[in-house]
Amino acid sequence: LQSSDVDMAEIDHFMSLLMQHEEEGLICPVMSHGSVHFMWIKHSNLYLVATTNKNSNASLVYSFLYKLVEVFTEYFKELEEESIQDNFVVVYELLDELMDFGFPQTTDSKILQEYITQEGTKLEVAKSKVPTTVTNAVSWRSEGIKYKKNEVFIDVIESINVLVNANGSVMSSDIVGSIKLKTMLSGMPELRLGLNDRVLFALTGRDKGKTVMMEDVKFHQCVRLSRFDSDRTISFIPPDGESELMSYRINTHVKPLIWIESVIEKFSHSRVEIMVKAKGQFKKQSVANNVEVRVPVPSDADSPKFKTSTGHAKYVPEKNLVVWTIKSFPGGKEFLMRAHFGLPSVENDELEGKPPITVKFEIPYFTVSGIQVRYMKIIEKSGYQALPWVRYITQSGDYQLRTNV
(Lines give C-alpha, C1' and ligand atoms only; values in the text may rest on other atoms or scores of the structure.)
Protein backbone atom coordinates (compact mmCIF):
# COMPACT_ATOMS: atom_id res chain seq x y z
CA LEU A 1 0.00 0.00 0.00
CA GLN A 2 1.56 3.28 -1.08
CA SER A 3 0.30 6.80 -0.82
CA SER A 4 0.38 8.52 -4.23
CA ASP A 5 3.22 10.85 -3.24
CA VAL A 6 5.60 7.93 -2.49
CA ASP A 7 7.61 6.63 -5.44
CA MET A 8 6.54 3.14 -6.58
CA ALA A 9 10.17 1.98 -6.54
CA GLU A 10 10.49 2.65 -2.79
CA ILE A 11 9.00 -0.75 -1.87
CA ASP A 12 12.06 -2.41 -3.46
CA HIS A 13 14.09 -1.27 -0.45
CA PHE A 14 11.81 -3.00 2.07
CA MET A 15 13.16 -6.59 2.01
CA SER A 16 16.85 -5.58 2.07
CA LEU A 17 16.10 -3.20 4.95
CA LEU A 18 14.23 -5.92 6.85
CA MET A 19 17.05 -8.46 6.37
CA GLN A 20 19.61 -5.89 7.51
CA HIS A 21 17.57 -5.18 10.66
CA GLU A 22 17.16 -8.92 11.35
CA GLU A 23 20.93 -9.47 11.09
CA GLU A 24 21.58 -6.63 13.52
CA GLY A 25 18.84 -7.83 15.91
CA LEU A 26 17.07 -4.47 15.57
CA ILE A 27 13.83 -5.65 13.98
CA CYS A 28 11.08 -3.06 14.38
CA PRO A 29 7.48 -2.63 13.11
CA VAL A 30 8.42 0.75 11.60
CA MET A 31 11.49 1.11 9.33
CA SER A 32 12.70 4.12 7.39
CA HIS A 33 14.55 4.62 4.11
CA GLY A 34 15.32 8.28 3.57
CA SER A 35 12.07 10.19 4.09
CA VAL A 36 9.89 7.10 3.48
CA HIS A 37 8.57 5.02 6.41
CA PHE A 38 7.56 1.36 6.06
CA MET A 39 4.90 0.05 8.47
CA TRP A 40 4.51 -3.69 8.16
CA ILE A 41 3.01 -6.87 9.60
CA LYS A 42 3.73 -10.51 8.77
CA HIS A 43 0.97 -13.06 8.17
CA SER A 44 1.85 -16.67 7.25
CA ASN A 45 4.50 -16.23 4.55
CA LEU A 46 3.37 -12.74 3.51
CA TYR A 47 4.47 -9.23 4.46
CA LEU A 48 1.77 -6.55 4.32
CA VAL A 49 3.50 -3.18 4.02
CA ALA A 50 2.20 0.40 4.05
CA THR A 51 4.47 3.28 3.01
CA THR A 52 4.23 6.94 3.95
CA ASN A 53 6.42 10.04 3.94
CA LYS A 54 4.16 11.92 6.36
CA ASN A 55 3.65 11.77 10.13
CA SER A 56 0.79 9.29 9.73
CA ASN A 57 -1.44 7.85 12.46
CA ALA A 58 0.42 4.55 13.03
CA SER A 59 -2.41 2.88 14.99
CA LEU A 60 -4.84 3.57 12.11
CA VAL A 61 -2.36 2.09 9.59
CA TYR A 62 -1.89 -1.10 11.64
CA SER A 63 -5.65 -1.43 12.24
CA PHE A 64 -6.11 -1.21 8.48
CA LEU A 65 -3.40 -3.82 7.76
CA TYR A 66 -4.99 -6.28 10.22
CA LYS A 67 -8.40 -5.51 8.67
CA LEU A 68 -6.91 -6.38 5.26
CA VAL A 69 -5.87 -9.78 6.64
CA GLU A 70 -9.40 -10.29 7.99
CA VAL A 71 -11.09 -9.36 4.68
CA PHE A 72 -8.73 -11.46 2.52
CA THR A 73 -9.17 -14.43 4.88
CA GLU A 74 -12.98 -14.10 4.58
CA TYR A 75 -12.62 -14.21 0.79
CA PHE A 76 -9.87 -16.80 0.33
CA LYS A 77 -10.20 -18.93 3.54
CA GLU A 78 -6.38 -18.99 3.87
CA LEU A 79 -4.27 -15.89 3.25
CA GLU A 80 -0.91 -16.93 1.82
CA GLU A 81 1.19 -16.34 -1.30
CA GLU A 82 -0.75 -18.88 -3.37
CA SER A 83 -4.18 -17.41 -2.55
CA ILE A 84 -2.97 -13.91 -3.59
CA GLN A 85 -1.59 -15.26 -6.90
CA ASP A 86 -4.76 -17.23 -7.64
CA ASN A 87 -7.05 -14.27 -6.88
CA PHE A 88 -5.05 -11.20 -7.92
CA VAL A 89 -8.02 -9.69 -9.86
CA VAL A 90 -10.22 -9.86 -6.74
CA VAL A 91 -7.34 -8.49 -4.63
CA TYR A 92 -7.10 -5.43 -6.91
CA GLU A 93 -10.89 -4.96 -6.78
CA LEU A 94 -10.88 -5.21 -2.98
CA LEU A 95 -7.97 -2.79 -2.53
CA ASP A 96 -9.77 -0.33 -4.80
CA GLU A 97 -12.82 -0.40 -2.49
CA LEU A 98 -10.97 -0.69 0.84
CA MET A 99 -8.95 2.51 0.40
CA ASP A 100 -9.11 5.72 -1.63
CA PHE A 101 -6.28 8.26 -1.73
CA GLY A 102 -4.83 6.91 1.51
CA PHE A 103 -8.17 6.97 3.39
CA PRO A 104 -9.83 3.68 4.52
CA GLN A 105 -13.30 3.26 3.03
CA THR A 106 -15.57 0.20 3.18
CA THR A 107 -13.84 -2.47 5.27
CA ASP A 108 -16.79 -4.71 6.18
CA SER A 109 -16.36 -8.01 4.32
CA LYS A 110 -20.10 -8.83 4.37
CA ILE A 111 -20.94 -5.60 2.52
CA LEU A 112 -18.00 -6.02 0.12
CA GLN A 113 -19.23 -9.53 -0.73
CA GLU A 114 -22.51 -8.05 -1.93
CA TYR A 115 -20.83 -6.46 -4.93
CA ILE A 116 -17.32 -7.92 -5.25
CA THR A 117 -17.73 -11.57 -6.09
CA GLN A 118 -15.09 -14.18 -6.71
CA GLU A 119 -16.51 -15.13 -10.11
CA GLY A 120 -14.46 -13.07 -12.56
CA THR A 121 -17.31 -12.79 -15.07
CA LYS A 122 -19.47 -10.98 -12.53
CA LEU A 123 -16.91 -8.34 -11.57
CA GLU A 124 -17.65 -5.85 -14.35
CA VAL A 125 -21.42 -6.31 -14.12
CA ALA A 126 -21.45 -5.88 -10.36
CA LYS A 127 -19.56 -2.60 -10.44
CA SER A 128 -22.58 -0.58 -11.53
CA LYS A 129 -24.65 -1.99 -8.68
CA VAL A 130 -22.73 -0.83 -5.62
CA PRO A 131 -25.20 -1.11 -2.70
CA THR A 132 -26.34 2.15 -1.12
CA THR A 133 -25.08 0.73 2.18
CA VAL A 134 -21.56 1.76 1.17
CA THR A 135 -22.49 5.46 1.29
CA ASN A 136 -24.92 5.20 4.24
CA ALA A 137 -24.09 6.27 7.79
CA VAL A 138 -24.70 2.60 8.71
CA SER A 139 -22.24 1.14 6.21
CA TRP A 140 -22.10 -2.32 7.85
CA ARG A 141 -25.78 -3.28 7.47
CA SER A 142 -28.03 -3.44 4.41
CA GLU A 143 -31.63 -2.26 4.53
CA GLY A 144 -34.64 -4.50 3.93
CA ILE A 145 -33.36 -7.55 5.89
CA LYS A 146 -36.25 -9.86 6.87
CA TYR A 147 -36.47 -12.90 9.16
CA LYS A 148 -39.49 -15.01 10.09
CA LYS A 149 -38.13 -15.49 13.61
CA ASN A 150 -36.17 -12.61 15.16
CA GLU A 151 -33.32 -13.76 17.41
CA VAL A 152 -29.90 -12.66 18.68
CA PHE A 153 -27.33 -15.19 19.90
CA ILE A 154 -24.69 -13.75 22.24
CA ASP A 155 -21.50 -15.71 22.96
CA VAL A 156 -19.29 -14.50 25.81
CA ILE A 157 -15.95 -16.25 25.27
CA GLU A 158 -13.06 -15.87 27.71
CA SER A 159 -9.55 -17.20 26.98
CA ILE A 160 -7.15 -17.77 29.86
CA ASN A 161 -3.46 -17.04 29.38
CA VAL A 162 -1.28 -18.66 32.07
CA LEU A 163 2.46 -19.20 32.46
CA VAL A 164 3.54 -21.48 35.32
CA ASN A 165 7.25 -21.90 36.08
CA ALA A 166 8.99 -25.21 36.85
CA ASN A 167 8.54 -24.67 40.61
CA GLY A 168 4.74 -24.48 40.23
CA SER A 169 4.42 -20.69 40.68
CA VAL A 170 2.15 -18.69 38.39
CA MET A 171 4.46 -16.21 36.64
CA SER A 172 1.80 -14.40 34.62
CA SER A 173 -1.92 -14.71 33.95
CA ASP A 174 -4.74 -12.72 32.43
CA ILE A 175 -8.13 -13.12 30.76
CA VAL A 176 -8.88 -12.04 27.19
CA GLY A 177 -12.60 -11.81 26.51
CA SER A 178 -14.72 -11.51 23.39
CA ILE A 179 -18.46 -10.93 22.94
CA LYS A 180 -19.65 -12.37 19.63
CA LEU A 181 -23.07 -11.92 18.06
CA LYS A 182 -25.11 -13.90 15.60
CA THR A 183 -27.85 -11.46 14.65
CA MET A 184 -31.00 -12.65 12.88
CA LEU A 185 -33.17 -9.54 13.09
CA SER A 186 -35.40 -7.80 10.55
CA GLY A 187 -35.15 -4.13 9.62
CA MET A 188 -32.79 -1.67 11.33
CA PRO A 189 -32.92 -2.61 15.02
CA GLU A 190 -31.32 -0.60 17.82
CA LEU A 191 -29.67 -2.82 20.44
CA ARG A 192 -28.48 -2.00 23.94
CA LEU A 193 -26.29 -4.37 25.88
CA GLY A 194 -25.92 -4.22 29.67
CA LEU A 195 -22.98 -5.87 31.46
CA ASN A 196 -21.99 -6.01 35.13
CA ASP A 197 -19.36 -3.37 34.36
CA ARG A 198 -17.70 -1.92 37.50
CA VAL A 199 -17.38 1.59 36.02
CA LEU A 200 -21.08 1.63 35.05
CA PHE A 201 -22.14 0.52 38.53
CA ALA A 202 -19.95 3.21 40.10
CA LEU A 203 -21.46 5.88 37.79
CA THR A 204 -25.02 4.88 38.69
CA GLY A 205 -24.29 4.50 42.39
CA ARG A 206 -25.17 0.81 42.41
CA ASP A 207 -22.64 -1.66 43.72
CA LYS A 208 -24.64 -4.82 44.21
CA GLY A 209 -23.28 -8.23 43.28
CA LYS A 210 -20.11 -9.05 41.41
CA THR A 211 -18.76 -6.50 38.96
CA VAL A 212 -15.94 -6.76 36.41
CA MET A 213 -13.20 -4.25 35.60
CA MET A 214 -12.56 -4.41 31.86
CA GLU A 215 -9.40 -2.99 30.28
CA ASP A 216 -8.27 -2.49 26.66
CA VAL A 217 -11.90 -2.53 25.49
CA LYS A 218 -12.19 -2.60 21.69
CA PHE A 219 -15.54 -2.27 19.87
CA HIS A 220 -16.93 -3.09 16.44
CA GLN A 221 -17.45 0.08 14.40
CA CYS A 222 -21.23 -0.19 14.94
CA VAL A 223 -20.98 0.77 18.65
CA ARG A 224 -21.65 4.42 19.45
CA LEU A 225 -18.43 5.35 21.22
CA SER A 226 -19.74 8.72 22.42
CA ARG A 227 -22.54 6.94 24.34
CA PHE A 228 -20.08 4.51 25.89
CA ASP A 229 -17.72 7.32 26.90
CA SER A 230 -20.49 9.38 28.50
CA ASP A 231 -22.51 6.74 30.37
CA ARG A 232 -20.98 3.30 29.54
CA THR A 233 -24.03 2.35 27.43
CA ILE A 234 -23.21 -0.19 24.70
CA SER A 235 -25.65 1.00 22.03
CA PHE A 236 -25.50 -0.10 18.37
CA ILE A 237 -27.23 -1.13 15.14
CA PRO A 238 -25.73 -4.61 14.61
CA PRO A 239 -24.28 -6.09 11.42
CA ASP A 240 -26.37 -8.94 10.01
CA GLY A 241 -25.16 -12.46 10.81
CA GLU A 242 -21.96 -13.15 12.74
CA SER A 243 -19.70 -10.42 14.12
CA GLU A 244 -17.46 -9.63 17.09
CA LEU A 245 -19.14 -6.85 19.04
CA MET A 246 -16.29 -6.20 21.47
CA SER A 247 -13.14 -7.57 23.05
CA TYR A 248 -11.58 -6.80 26.42
CA ARG A 249 -8.81 -7.85 28.80
CA ILE A 250 -8.99 -8.45 32.54
CA ASN A 251 -5.64 -8.14 34.27
CA THR A 252 -6.11 -10.43 37.24
CA HIS A 253 -4.43 -13.35 38.97
CA VAL A 254 -6.04 -16.48 37.52
CA LYS A 255 -5.81 -19.84 39.28
CA PRO A 256 -4.96 -22.40 36.55
CA LEU A 257 -8.23 -24.24 35.88
CA ILE A 258 -6.43 -27.42 34.87
CA TRP A 259 -3.36 -27.99 37.02
CA ILE A 260 -0.57 -30.19 35.66
CA GLU A 261 2.13 -31.94 37.68
CA SER A 262 4.78 -33.79 35.72
CA VAL A 263 7.76 -36.04 36.43
CA ILE A 264 10.02 -36.63 33.43
CA GLU A 265 12.93 -39.01 34.03
CA LYS A 266 15.72 -39.86 31.59
CA PHE A 267 17.77 -43.00 32.24
CA SER A 268 21.36 -42.92 30.87
CA HIS A 269 20.12 -42.05 27.37
CA SER A 270 18.40 -45.43 27.02
CA ARG A 271 14.82 -44.55 27.92
CA VAL A 272 12.60 -41.74 29.17
CA GLU A 273 9.61 -42.13 31.50
CA ILE A 274 6.93 -39.48 31.81
CA MET A 275 4.24 -39.24 34.48
CA VAL A 276 1.65 -36.49 34.16
CA LYS A 277 -1.13 -35.74 36.65
CA ALA A 278 -3.98 -33.43 35.59
CA LYS A 279 -6.41 -31.95 38.12
CA GLY A 280 -9.55 -29.91 37.40
CA GLN A 281 -9.40 -26.84 39.69
CA PHE A 282 -12.85 -25.55 38.82
CA LYS A 283 -16.28 -26.12 40.37
CA LYS A 284 -17.62 -29.67 40.37
CA GLN A 285 -20.79 -28.76 38.46
CA SER A 286 -18.70 -27.75 35.43
CA VAL A 287 -17.07 -30.01 32.82
CA ALA A 288 -14.09 -29.20 30.58
CA ASN A 289 -14.53 -30.57 27.04
CA ASN A 290 -11.92 -31.78 24.54
CA VAL A 291 -8.98 -31.37 26.91
CA GLU A 292 -5.56 -31.82 25.29
CA VAL A 293 -2.38 -32.04 27.38
CA ARG A 294 0.65 -31.70 25.08
CA VAL A 295 3.86 -33.03 26.61
CA PRO A 296 7.17 -32.46 24.74
CA VAL A 297 9.50 -35.47 24.30
CA PRO A 298 13.08 -35.73 22.95
CA SER A 299 13.31 -35.71 19.14
CA ASP A 300 15.02 -39.14 19.06
CA ALA A 301 12.41 -40.92 21.21
CA ASP A 302 10.84 -44.12 19.85
CA SER A 303 8.86 -47.25 20.88
CA PRO A 304 6.11 -45.39 22.79
CA LYS A 305 4.03 -47.16 25.46
CA PHE A 306 1.16 -45.42 27.25
CA LYS A 307 -1.07 -46.01 30.25
CA THR A 308 -3.91 -43.58 31.09
CA SER A 309 -6.51 -43.54 33.89
CA THR A 310 -8.86 -41.89 31.37
CA GLY A 311 -8.78 -40.62 27.80
CA HIS A 312 -6.33 -41.53 25.08
CA ALA A 313 -2.60 -40.75 24.60
CA LYS A 314 -0.79 -40.76 21.27
CA TYR A 315 2.70 -39.94 20.04
CA VAL A 316 3.02 -37.20 17.38
CA PRO A 317 6.63 -37.69 16.18
CA GLU A 318 6.63 -34.81 13.65
CA LYS A 319 5.99 -32.39 16.56
CA ASN A 320 7.97 -34.30 19.23
CA LEU A 321 4.87 -34.43 21.43
CA VAL A 322 2.71 -36.81 23.42
CA VAL A 323 -0.91 -35.61 23.15
CA TRP A 324 -3.19 -36.83 25.93
CA THR A 325 -6.84 -36.25 25.00
CA ILE A 326 -9.70 -36.30 27.53
CA LYS A 327 -13.13 -35.73 25.97
CA SER A 328 -14.88 -34.90 29.25
CA PHE A 329 -13.04 -33.66 32.36
CA PRO A 330 -15.31 -32.90 35.39
CA GLY A 331 -14.26 -30.26 37.94
CA GLY A 332 -12.43 -31.61 40.99
CA LYS A 333 -11.33 -34.81 39.24
CA GLU A 334 -7.74 -36.01 38.93
CA PHE A 335 -6.33 -38.19 36.14
CA LEU A 336 -2.97 -39.82 35.39
CA MET A 337 -1.00 -40.57 32.25
CA ARG A 338 2.22 -42.58 32.07
CA ALA A 339 4.43 -42.81 28.98
CA HIS A 340 7.58 -44.79 28.28
CA PHE A 341 9.95 -44.17 25.36
CA GLY A 342 13.22 -45.63 24.17
CA LEU A 343 16.11 -43.22 23.44
CA PRO A 344 18.36 -44.93 20.87
CA SER A 345 20.93 -42.16 20.37
CA VAL A 346 22.94 -39.88 22.63
CA GLU A 347 21.57 -36.40 21.94
CA ASN A 348 22.72 -33.08 23.34
CA ASP A 349 19.84 -32.00 25.61
CA GLU A 350 20.97 -28.38 25.62
CA LEU A 351 20.32 -28.03 21.88
CA GLU A 352 16.65 -28.98 22.28
CA GLY A 353 15.92 -26.67 25.19
CA LYS A 354 13.05 -27.33 27.59
CA PRO A 355 9.72 -26.77 25.81
CA PRO A 356 6.76 -26.31 28.19
CA ILE A 357 3.71 -28.54 28.59
CA THR A 358 0.71 -26.83 26.99
CA VAL A 359 -2.99 -27.44 27.66
CA LYS A 360 -6.08 -26.88 25.50
CA PHE A 361 -9.65 -27.02 26.87
CA GLU A 362 -13.13 -25.51 26.72
CA ILE A 363 -15.56 -25.14 29.62
CA PRO A 364 -19.14 -24.19 28.65
CA TYR A 365 -21.68 -22.29 30.82
CA PHE A 366 -18.92 -20.60 32.81
CA THR A 367 -16.67 -17.50 32.80
CA VAL A 368 -13.64 -17.01 35.05
CA SER A 369 -14.11 -13.26 35.45
CA GLY A 370 -17.79 -13.55 36.39
CA ILE A 371 -18.85 -11.23 33.54
CA GLN A 372 -22.61 -11.31 32.94
CA VAL A 373 -24.97 -10.06 30.26
CA ARG A 374 -27.53 -8.33 32.48
CA TYR A 375 -29.85 -7.36 29.63
CA MET A 376 -30.14 -7.01 25.86
CA LYS A 377 -32.79 -4.51 24.72
CA ILE A 378 -33.94 -4.78 21.10
CA ILE A 379 -35.90 -1.84 19.67
CA GLU A 380 -37.17 -1.74 16.07
CA LYS A 381 -39.74 0.68 14.60
CA SER A 382 -42.10 -2.13 13.54
CA GLY A 383 -42.26 -3.19 17.22
CA TYR A 384 -41.61 -6.93 16.80
CA GLN A 385 -40.62 -9.11 19.76
CA ALA A 386 -37.16 -10.67 19.58
CA LEU A 387 -35.41 -13.27 21.71
CA PRO A 388 -31.81 -12.82 22.96
CA TRP A 389 -29.93 -16.06 23.79
CA VAL A 390 -26.74 -15.93 25.87
CA ARG A 391 -24.00 -18.56 26.09
CA TYR A 392 -20.82 -18.42 28.22
CA ILE A 393 -17.61 -20.29 27.33
CA THR A 394 -14.17 -20.36 28.98
CA GLN A 395 -11.27 -21.73 26.97
CA SER A 396 -7.49 -21.99 27.07
CA GLY A 397 -5.45 -19.25 25.46
CA ASP A 398 -1.66 -19.32 25.80
CA TYR A 399 -1.60 -21.92 28.60
CA GLN A 400 1.95 -23.08 29.43
CA LEU A 401 3.53 -25.03 32.29
CA ARG A 402 7.32 -25.21 32.27
CA THR A 403 9.15 -28.37 33.32
CA ASN A 404 12.49 -29.02 35.02
CA VAL A 405 13.62 -31.58 32.46
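Okay, let me start with a definition: a salt bridge here is a side-chain nitrogen of Lys or Arg within 4 Å of a carboxyl oxygen of Asp or Glu. By that rule, this structure has 12 salt bridges. And one thing to keep in mind throughout: we're looking at a predicted model.

Helix 1 covers residues 14-24, and it has four buried residues to look at: Phe14, Leu17, Leu18 and His21. Where do they sit around the helix axis? Their arc is only 100°, so they're on the same side of helix 1. If you want the background, an α-helix has 3.6 residues a turn, so residues three or four places apart point the same way.

What covers those buried residues of helix 1? The cover includes strand 1 (30-33), strand 2 (36-43) and strand 3 (46-52).

Strand 1 and strand 2 run antiparallel and are joined by 4 bridges. To find your place there, look for Ser32, whose bridge partner in strand 2 is His37. The hairpin these two strands make has 2 residues between the strands, and Gly34 takes a positive phi near 65° in it.

Strand 2 then goes on to strand 3. That pair is antiparallel too, with 7 bridges. Trp40 has Val49 in strand 3 as its bridge partner. Again we have a hairpin with 2 residues between the strands, and Ser44 in the turn has a positive phi of about 50°.

If you're clicking along, Leu181 has Ser243 of strand 11 as its bridge partner.

Let's stay around there and go to Asp216. Asp216 is part of strand 9, residues 215-219. Its phi is near 50°, which is positive, and this isn't a glycine. Buried or exposed, then, this Asp216? Exposed, because its relative accessibility is 54% and the cut-off for exposed is over 50%.

Asp216 also has a partner: its side chain meets that of Arg249 in a salt bridge, 2.7 Å from N to O. Arg249 lies in strand 11 (residues 241-250) and Asp216 in strand 9, so this pair ties together parts that are 33 residues apart in sequence. Arg249 itself is partly exposed, at 22% relative accessible area.

Here's another salt bridge, Arg271 with Glu273, where the closest N and O atoms are 3.2 Å apart. Arg271 is partly exposed at 29%, and Glu273 is partly exposed at 28%. As for salt bridges that share partners, they join Glu215, Asp216 and Arg249 into one network.

One more of these: Glu151 and Lys149 meet through their side chains at 3.7 Å, N to O. Glu151 is buried at 11% relative accessible area, while Lys149 is exposed at 53%.

Now for the inside. In general, nonpolar side chains tend to be buried together in soluble globular proteins. Here the largest nonpolar core has 70 residues, and Ile234, Phe236 and Ile258 touch the most other members. Strand 6, residues 151-164, gives the largest share of this core, with 6 residues.

Who does Ile234 touch? Leaving aside neighbours within four places in sequence, its contacts include Leu191, Leu193, Phe219, Val223, Phe228 and Leu245. Apart from this core lies another, of 23 residues, among them Ile41, Tyr62, Val90 and Leu94.

Last stop, Asn320. You'll find Asn320 in the loop between strand 16 (312-316) and strand 17 (321-330). Asn320 isn't a glycine, but its phi is positive, about 55°. With 26% relative accessibility, Asn320 counts as partly exposed.

Note on methods:
Residues numbered from 1 in each chain as written. Predicted model: local features only at pLDDT ≥ 70, side-chain atom pairs only at ≥ 80, totals over all residues. Heavy atoms only, no water. Buried < 20%, exposed > 50% of the residue type's maximum accessible area, 1.4 Å probe, protein only. Core = buried A, V, L, I, M, F, W, Y, C linked by side-chain atoms within 4.5 Å. Contact = heavy atoms within 4.5 Å. Pairing = 2+ DSSP bridges. Arc of directions from axis to C-beta.
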